[in-house]
Amino acid sequence: MLDDDLASRSLGITLTDAGPGHATVRMTVTDTMVNGHALAHGGYVFLLADTAFACACNSHGPVTVAAGADITFVAAAHLGDELTARAEERTTYGRSGIYDVTVTRGDQVIAEFRGRSRTLRSGTE
């Protein structure tokens with residue numbers, strides 16, 4: 001799935017670990033990702049977390065998409081920071097699932113993301 005994700009690849013996001021129900025991705029904050037306050041734009045932090053979420057919820061095989069997601073920004077990220085997003089499956093029920101993603105810079109938490117997934121019946125729903 002990630003091989004076909006031009007949005008994530010164009011931002012330099014790489015998959016560093018994956019398995020059933022979990023995934024880890026990394027991204028370095030570049031100058032085009034910094035907002036007018038000299039901080040990483042929250043949309044890029046969300047995109048990183050969303051990419052980890054997508055990899056984790058699609059790790060079981062069927063095409064799975066986001067049904068919704070929320071993020072809480074805990075600390076600011078800056079130009080040059082290497083951010084890591086670790087996604088973990090919390091539960092699945094029917095065609096739905098809940099995943100938590102923690103975005104960090106080293107040991108410091110930058111954001112907490114909760115994603116809700118939905119597995120498509122036909123792969124094209």
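Which residue forms a salt bridge with Arg116? Asp70 does, with the closest N and O atoms 3.1 Å apart. The model is predicted, and every value here is computed from it.

**Salt bridges**

Side chains of opposite charge can pair when their charged atoms come close. In this structure the count comes to four salt bridges. Three of them are set out below.

| Pair | Closest N to O distance |
|---|---|
| Arg116 and Asp70 | 3.1 Å |
| Arg114 and Asp100 | 2.6 Å |

Take Arg116 and Asp70 first. The two residues form a salt bridge. This pair links distant parts of the chain, 46 residues apart. Arg116 sits in strand S6, residues 108-119. Asp70 sits in strand S3, residues 64-73. Arg116 is partly exposed, at a relative accessible area of 32%. Asp70 is also partly exposed, at 47%.

Arg105 lies in strand S5 (residues 96-105), and Asp81 lies in the loop between S3 and strand S4 (82-93), so the pair ties together parts 24 residues apart in sequence. Asp81 is buried, because its relative accessible area is 14% and buried means under 20%.

Then there is Arg114 with Asp100, another salt bridge. Here the partners are in strand S6 and strand S5, respectively, 14 residues apart. Is Asp100 buried or exposed? Asp100 counts as buried, at 17% relative accessibility. Arg114 counts as partly exposed, at 39%.

**Aromatic contacts**

How many aromatic pairs does the structure hold? There are three. One aromatic cluster is formed by Phe46, Phe53, Tyr99 and Phe113.

**Strand pairing**

Strand S1 covers residues 14-19 and strand S2 covers residues 22-28. The two run antiparallel and are joined by five bridges. Within this pairing, Asp17 has Thr24 in S2 as its bridge partner. S1 and S2 form a hairpin, with two residues between them. Gly21 lies in the turn and has a positive phi of about 80 degrees.

S2 also pairs with S4. That pairing is antiparallel too and spans seven bridges. Which residue in S4 is the bridge partner of His22? The partner is Glu88.

Terms used
Residues are numbered from 1 along each chain as its sequence is written. This is a predicted model: local features need pLDDT of at least 70, side-chain atom pairs count only at pLDDT 80 or more; totals for chains, interfaces and linings use all residues. Side-chain values use heavy atoms; hydrogens and water are left out. A salt bridge is a side-chain nitrogen of Lys or Arg within 4 Å of a carboxyl oxygen of Asp or Glu. Helices (H or I, at least four residues) and strands (E, at least two) are DSSP runs, numbered from the N terminus. Buried means under 20% relative accessible area, exposed over 50%, partly exposed in between (1.4 Å probe, protein chains only). Rings of Phe, Tyr and Trp (its six-membered ring) pair if their centres lie within 6.5 Å; planes under 30 degrees apart count as stacked, over 60 as edge-to-face and the rest as tilted. Two strands pair if DSSP finds at least two bridges between them.
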